[in-house]
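Welcome! Please take a moment to look over the chain shown here before reading on.

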Amino acid sequence: MAEHHTGPAEVGAPMDYKEHEKTYNLFISGAKVGSAIVASLLIAMAAGFFGHAGFLGGILIFIVLTIASIVLLR
């Protein structure tokens, strides 16, 4: 049968909550920036392939949207 423990759930070294919060905030920031880059890329590809922007216009739209979204997400 399984053992039943009646002590504290944390065994071992105590958690470093400051480091945990720092890692969590870094992950959230990376997820936001990554999502902004992917959204910018999709919009630029749509403008370049289906619009009249062309390849260089799509690259320009991608750069402008990426910079704008990163600045707005801070």
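The model you are looking at is predicted. Its chain has 74 residues, and buried residues make up 12% of them. In terms of secondary structure, you will find two helices and zero strands.

Helix α1 covers residues 17–50 and includes F50. S40 is found in helix α1 too. The table sets these two residues side by side.

| Residue | Relative accessible area | Class |
|---|---|---|
| S40 | 4% | buried |
| F50 | 73% | exposed |

Why does S40 count as buried? Its relative accessible area is 4%, and the class takes in residues under 20%. F50 is classed as exposed because its relative accessible area of 73% lies over the 50% cut-off.

What surrounds S40? Leaving aside residues up to four places away in sequence, S40 touches F62, L65, T66 and S69.

Together with V38, L41, L42, M45 and F49, F50 forms a nonpolar patch on the surface. The accessible area of these residues together is about 680 Å².

Conventions:
Residues are numbered from 1 along each chain as its sequence is written. This is a predicted model: local features need pLDDT of at least 70, side-chain atom pairs count only at pLDDT 80 or more; totals for chains, interfaces and linings use all residues. Side-chain values use heavy atoms; hydrogens and water are left out. Patches are made of residues with over 30% relative accessible area and no salt bridge: like charges are joined within 9 Å, nonpolar side chains (Val, Leu, Ile, Met, Phe, Trp, Tyr) within 5 Å. Accessible areas come from the Shrake-Rupley method with a 1.4 Å probe; for residues, only the protein chains shown count as cover. A salt bridge is a side-chain nitrogen of Lys or Arg within 4 Å of a carboxyl oxygen of Asp or Glu. Helices (H or I, at least four residues) and strands (E, at least two) are DSSP runs, numbered from the N terminus. Buried means under 20% relative accessible area, exposed over 50%, partly exposed in between (1.4 Å probe, protein chains only). Contact means heavy atoms within 4.5 Å.
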